[in-house]
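Subject: Structure for your review

Dear colleague,

Please find below the structure that I am handing over to you. My findings follow directly after it.

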Amino acid sequence: MSSIYASVCNTLRRVFPLSAMSALTVTVSTTNADSQTTQFTLRRHARYWLDDGSLIVRAQDDIYKVHRTLLHRHSKVLASLSPAEDDSGEGRRTVDGLVVVHIPDELEVRSEDFEALLEHLYHDA
């Protein structure tokens, strides 16, 4: 699934300028061996998709490209999260070559909550 997403992102980057990419929404569909289809939409956050980011964080259906060291320094919870596994179970999920960390729904962290944390951490950006 991540390779499909990465391929779509790379193609769109060549076609559209970066400013148009800030509102990128990608719908990903996968079908497993039992012919069950899973579909979800990921939205790249317009403000917190940093060119020099080193980690992709997924909160609900929003993805953020941010700095791993900054998040780990300020959040023990985020530092303790394991990278997301791809659906095949064969490896870590990546986007743009960076590891994706998915904040589990069980933690009840909404995208708005994570964005508020980022606003605090990047207040001078």
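I begin with the charged pairs. In this predicted model, the side chains of R58 and D61 form a salt bridge, with N and O 3.3 Å apart. R58 is buried, at a relative accessible area of 13%, whereas D61, at 30%, is partly exposed. The structure holds three salt bridges.

Another salt bridge joins D62 to R43, and its closest N and O atoms are 2.9 Å apart. D62 counts as buried, because its relative accessibility is 12% and the limit for a buried residue is under 20%. R43 is partly exposed, with a relative accessible area of 36%.

D113 and R110 also meet through their side chains in a salt bridge, at 3.0 Å from N to O. Here D113 is partly exposed, at 32% relative accessible area, and R110 is partly exposed as well, at 43%.

The largest nonpolar core has 17 residues, of which V66, L71, F114, L118 and Y122 touch the most other members. Two or more residues of this core come from each of β3 (55-59), β4 (62-66), α3 (68-74), β6 (98-103) and α5 (111-121). A second, separate core consists of seven residues, among them L42, W49, I56 and L98. In soluble globular proteins, nonpolar side chains tend to be buried together.

Which residues does V66 touch, leaving aside those up to four places away in sequence? The contacts of V66 are Y48, L50, G53, S54, L55, V57, L71, L118 and Y122.

In one of them, the rings of Y48 and Y122 have centres 5.9 Å apart and planes at 35°, so the pair is tilted. Y48 lies in strand β2 and Y122 in the segment after α5, which places the partners 74 residues apart and links distant parts of the chain. Y48 is buried at 2% relative accessibility, and Y122 is buried with a relative accessible area of 8%.

The other pair is formed by Y64 and F114, whose ring centres are 4.9 Å apart; the planes stand at 70°, so this pair is edge-to-face. Because Y64 lies in strand β4 and F114 in helix α5, the pair ties together parts that are 50 residues apart in sequence. Both Y64 and F114 are buried.

Helix α5 deserves a separate remark. Its buried residues are S111, F114, L118 and L121. They cover an arc of only 85° around the axis, which puts them on the same side of α5.

Yours sincerely

Terms used:
Residues numbered from 1 in each chain as written. Predicted model: local features only at pLDDT ≥ 70, side-chain atom pairs only at ≥ 80, totals over all residues. Heavy atoms only, no water. Core = buried A, V, L, I, M, F, W, Y, C linked by side-chain atoms within 4.5 Å. Buried < 20%, exposed > 50% of the residue type's maximum accessible area, 1.4 Å probe, protein only. Helix = DSSP H or I, 4+ residues; strand = E, 2+ residues; numbered from the N terminus. Contact = heavy atoms within 4.5 Å. Salt bridge = Lys/Arg side-chain N within 4 Å of Asp/Glu carboxyl O. Phe/Tyr/Trp six-rings, centres within 6.5 Å; stacked < 30°, edge-to-face > 60°. Arc of directions from axis to C-beta.
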